[in-house]
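Please keep the sequence and the model in view while reading.

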Amino acid sequence: MASNQDDTHDASGSRNNVENEIKRGLTSAEDQLIEPNGSMLASYIGFLVRQHISITCDNWRSPELKVGKEKIWSEIQRSFHIDESRQKYCIQLAGKRLRGFRSFLSNKFLKDEEGKFVEAKRPMKYAEIISAEEWDNFVAKRRNEKFHEVSDKNRKRASKPAYPYKKGRTGYARLQQRILAEEKSDATSLPEHVLWKAARVGKDGAVVEAVQNVYDECETLSQTLPSTEVQGCRSLLSRVLNVPEYFGRVRGKGFGVTPSSFYKKPKTKNPTNKEVMETLAELRAQVLELQKENARYREERRGSEAKDTSDRASINCQPKFPEALHLVSCIYRHQLIA
């Protein structure tokens, strides 16, 4: 949800302050941004996306945004020590920040207190990053009937959540960091349902009955469900809430956490060309050795068979002892009769 604070979307931002000292973008066990520099990096990404991507952008996956996204990532790497593997996360966060900025502009300048659209000129505060043409196109899209239908549908869905989130802009990652620090725990992560419940605790520390019931059911289920099933296609929290587990997210963990990263499923690494050639060379050597052994075995077998044949031939040419004895007996009887 977009903030209504003007300084959140300051056009000039605090780029100079950010670049005065290279910061390390720290991440949690789930690779989410945490303090001390997580907020600074997130704000900087918001500043960059407003500089390089137009507010009229409707499709974040459009190939036309490739150059702008590359500039954003290049600026992030220049100002923060951050691993290449986090590029996708940062670009996704940039898209989220752009959507928030567009919502802020609509709520701040295009709607009255009752939420109805009003005539509005381009805010001069953002003249450096929003041209007159971009503003006119943006206003036209926001007045489109189809946009109103989708907007009304989403607003109604978000207006009465069954389990309202009560931690403002803290986010799951920084909430988890704070809880682990307060508990002085050596753990690096909290179960989804534990963090989900903590995010719905009010300032007075009270927990509504519905939230507590979900938590208790998750605790009970965790004692009976095998760990292999828990780390399947649906988490404990999704099972108890009886809702689907959406692609690319883990319920109760916040933005940027995916099932593959959270459950640490082993990934198969594609071999390099050099590794493939080395493997082929090893296999060829093994095949050649097997061929040599097979040839030796066949040669020895042929020699053994030839010897066996010769031995059998020499044995068969001599009369067996009983047959010889019978032959001598017959000759002796024949001589007596004669």
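At roughly what angle do the axes of α4 and helix α5 cross? They cross at roughly 85 degrees and come within 12 Å of each other. The model is a predicted one, in which local features need pLDDT of at least 70 and side-chain atom pairs count only at pLDDT 80 or more, while totals for chains, interfaces and linings use all residues. Residues are numbered from 1 along each chain as its sequence is written, and side-chain values use heavy atoms, with hydrogens and water left out.

**The chain as a whole**

- The secondary structure of the protein chain comprises 14 helices and 2 strands; these are DSSP runs numbered from the N terminus, with helices (H or I) of at least four residues and strands (E) of at least two.
- The protein chain has 338 residues, of which 31% count as buried. Buried means under 20% relative accessible area, exposed means over 50%, and partly exposed lies in between, with a 1.4 Å probe and protein chains only.
- Among contacts (heavy atoms within 4.5 Å) between residues at least 6 apart in sequence, 61% join residues at least 24 apart.

**How helices pack**

- Two packed helices are described by the angle between their axes and the distance between the axes. Axes are lines fitted to C-alpha atoms, for helices over the stretch in contact, and angles run from 0 to 180 degrees between N-to-C directions.
- Helix α2 (residues 38-52) and α3 have axes that come within 10 Å and cross at roughly 145 degrees. The crossing of α2 and α3 is right-handed; a crossing is right-handed if the near helix is turned clockwise from the far one by less than a right angle, and left-handed if anticlockwise.
- On the α2 side, the contact is made by L41, Y44, I45, L48, V49 and H52, and on the α3 side by G68, K71, I72, E75, I76 and S79. By class, this contact of α2 with α3 has 7 nonpolar, 3 polar and 2 charged residues. Ala, Val, Leu, Ile, Met, Phe, Trp, Tyr, Cys and Pro count as nonpolar, Asp, Glu, Lys and Arg as charged, and the others, Gly among them, as polar.
- Helix α3 (residues 66-79) also packs with helix α4 (residues 87-110), at an angle of about 115 degrees and with the axes 10 Å apart. The crossing of α3 and α4 is right-handed.
- K69, I72, W73 and I76 of α3 make this contact with Q87, C90, I91 and A94 of α4. The contact of α3 with α4 has 6 nonpolar, 1 polar and 1 charged residues.
- The helices α4 and α5 are roughly perpendicular to each other, a term for angles of 65 to 115 degrees.
- In α4, the residues R102, S103, L105, S106, F109 and L110 meet W135, F138, V139 and R142 in α5. This contact of α4 with α5 divides into 6 nonpolar, 2 polar and 2 charged residues.

**Residues with a positive phi**

- Most residues other than glycine have a negative phi.
- K184 has a positive phi of about 50 degrees although it is not a glycine. K184 is found in the loop between α7 (171-183) and α8 (192-198), and it counts as exposed because its relative accessibility is 74%.
- N242, likewise a residue other than glycine, has a positive phi near 60 degrees. N242 lies in the loop between α11 and α12 (259-262) and is exposed, with a relative accessible area of 63%.

**Selected residues and their surroundings**

- S238 lies in helix α11 (residues 236-241) and counts as buried because its relative accessibility is 0%. Leaving aside residues up to four places away in sequence, S238 touches V243, E245 and R251.
- Q176 is found in helix α7 and is buried, with a relative accessible area of 2%. The C-alpha atoms of Q176 and A198 are separated by 8.8 Å, and these residues are 22 residues apart along the chain.
- V118 is found in the loop between α4 and α5 and is partly exposed, with a relative accessible area of 28%. Residues up to four places away in sequence not being counted, V118 touches F109, L110, K111, D112 and R143.
- The C-alpha atoms of V118 and S106, 12 residues apart along the chain, are separated by 9.9 Å.

How values were computed. Angles under 35 degrees count as roughly parallel, over 145 as roughly antiparallel, 65 to 115 as roughly perpendicular and the rest as oblique.
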